[in-house]
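Subject: Structure for you to look at

Hello,

Here is the structure I said I would pass on. Please open it first, then read the notes below.

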Amino acid sequence: MYFESLAAVWHMDGHGFYVWLAYTLTVLPLVIMVWLPLKRMRQHWRWLQAEQRRVAAGTETPAMGSDV
Amino acid sequence: MSSDRPLLSLRTVFLRQFLRHGRSIMTSPADVANPLLFFFMVITLFPLGLGPDPARLATLAPGILWVVALLASLMVSAKLFASDFEDGSLEQLALAPYPLAVTALAEVSAHWLATGFLLALVSPLFGLMLGLPEGGLLTLLVSLLLGTICLTIIGALGSALTVNIRRGGLLLSLLIIPLNVPVLIFGTTAVREAVLGGNPESWLALLGGLALGSLVVVPLAIGAALRVSLDS
Amino acid sequence: MWTFIHKLGSPPWFFRFSGTLVRWLLPITVILLLVGSIWGLLVAPPDFRQGNSYRIIYIHVPAAVVALAGYYVMAFAGAVSLIWRIKMADVTMRAAAPVGAVLTAIALVTGAIWGKPTWGTWWVWDARITSMLILLFLYLGVVALFEAYENKTAAARACAVLSLVGMVNIPIIYKSVDWWYSLHQPASIKFTGESAIDSSMLYPLLLMIVAFYCLFVVTLLLNMRAELVWSYRESGWLRQLVGDS
């Protein structure tokens, strides 16, 4: 451990602003980059599940399926 | 294509296509004059924007001349394959039993003669107007002769990729400006080196290498890109 | 080996395989990133010249390294898609472009922030930063070209051609920018090169590079999975998977 106290970690001998700004601006886009495809996947998945329920209930005819 | 006719040699195909495209360029002299006029007018903007101080203009001249030449070639390359695509002759070329790379290279060569070549020829005149020292004029001419080959052929690739896209003009500049960075660096460095009294030959040799390399590699990509554009 | 590559080209198999892979790799990536950041931010000693601001290196360099590698991944997938017309290669290329663009942007932003305490300005036309900027343009070109085509199969092939030409050009761009920079800048402004870096600073850096590579793979797989679910929504294997869940 290099730093003595939490305040020293925050301050970093005057460079704290730059270091923490850089890390914040890295973490935010990275989190969004991981979260966006997960969200998209979940949306598609729910939509497909709902469609299958509708088909099972007989309220909708199934779309033409092609096996790949 | 009738099968009883013998296949032409690639050289004949190249020459025919070259002449065909050259003739179609001749029919609209305005298209040849426009890039030169653009070059001239944008060069005029720089003293107006930067002030008439000859010493400062002279130091900036290599960069200004090269950047404007790049922009002029960017402007004209957008239309390179457009007319052939619209009147369907590109489709005919794709069906012909000859590699699209060769016919595309013929068109690009004719296009270069009408734009890049002329631009390079008149560039010393504009160099004089910007106060480029006389030692740099010949290097400017040679560097633009070699450099516009690269600019034209990369511009042709951009045109081939975007010819079937509406409002492809802005997209085209996004695609090809990054690819043109080495050409710009080698070209301006050669001219600056000559102005400072150094030897620009190594930079010109690099430019020549780039021109040869892109002549060999990029036509293949242009051919593939044209097929994609025709299929989509 | 060959059967494995063949399996990779099959969407149902890839979908299941990538699901398991992501389930393991995502937590590992998070742990690696956390350990690397804490090590770099809190444990490693400060640089004797730049002080604590050098700690930005632990995200700047990994982002830059992986962003460049990402372009080669994209171009390689493009070549595979052009030659063998494999749908999975299209999906890979499509997923790699935005991830690479984000990593390039991160490298640029952190580089600019690093420049402020080091050089006194936010932006310096340094060789490395300029090369990253051009790499960002190359990525954005691929993304924009893909979006511009309505026919997505044609879009993938057009992007493959573009990224292959870009890949051939990248070494030339890097070399030319390097020469350009060394000709124009006085030698007094220079980075303390990584070659002279002490091992107490080097190990967390290597760890962070590994972590960023893992992150690239994870986001690539996540994007590909989301893409696959949508494009195969009407095929039997996916319907069965959805029904079973």
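This is a predicted model: local features need pLDDT of at least 70, side-chain atom pairs count only at pLDDT 80 or more; totals for chains, interfaces and linings use all residues.

Arg85(C) has 12 other C-beta atoms within 10 Å, so it is exposed. Arg85(C) lies in the loop that joins helix 3 (57-84) to helix 4 of chain C. Its phi is near 55°, a positive value in a residue other than glycine. Most residues other than glycine have a negative phi.

Next, the chains. Which pair of chains has the most contacts? Of the two pairs that touch, it is chains A and C. Chains A and B do not touch, and their nearest C-alpha atoms are 23 Å apart.

Chain A has two helices and zero strands. It has 68 residues, of which 16% count as buried. In its contact with chain C, 33 residues of chain A meet 38 residues of chain C. Helix 2 (residues 16-56) of chain A gives the most to chain A's side, with 20 residues. By type, the residues on that side of chain A are 23 nonpolar, seven polar and three charged.

The other contact is between chains B and C, with 22 residues from chain B and 26 residues from chain C. On the chain B side, the elements that give two or more residues are helix 8 (137-162), helix 9 (168-176), helix 10 (181-195) and helix 11 (201-231). Helix 11 of chain B gives the most, with seven residues. This side of chain B divides into 19 nonpolar residues, two polar and one charged.

How many residues does the largest nonpolar core have? It has 145, and those with the most contacts inside it are Leu157(B), Ala225(B), Ala158(C) and Val161(C). Helix 4 (residues 87-119) of chain C supplies the largest share of this core, 15 residues.

Apart from its neighbours within four places in sequence, Ala158(C) is in contact with Leu161(B), Ala225(B) and Val228(B) in chain B, and with Leu145(C) and Tyr149(C) in chain C.

Regards

Technical notes: Residues are numbered from 1 along each chain as its sequence is written. Chains are lettered from A and ligands numbered from 1 in the order in which they are written. Two residues are in contact if their C-beta atoms, placed from the backbone, lie within 7 Å. Helices (H or I, at least four residues) and strands (E, at least two) are DSSP runs, numbered from the N terminus. Ala, Val, Leu, Ile, Met, Phe, Trp, Tyr, Cys and Pro count as nonpolar, Asp, Glu, Lys and Arg as charged, and the others, Gly among them, as polar. A residue is buried if 20 or more other C-beta atoms lie within 10 Å of its own, exposed if 12 or fewer, and partly exposed in between; C-beta atoms are placed from the backbone. A nonpolar core is a set of buried Ala, Val, Leu, Ile, Met, Phe, Trp, Tyr and Cys residues joined through C-beta atoms within 7 Å.
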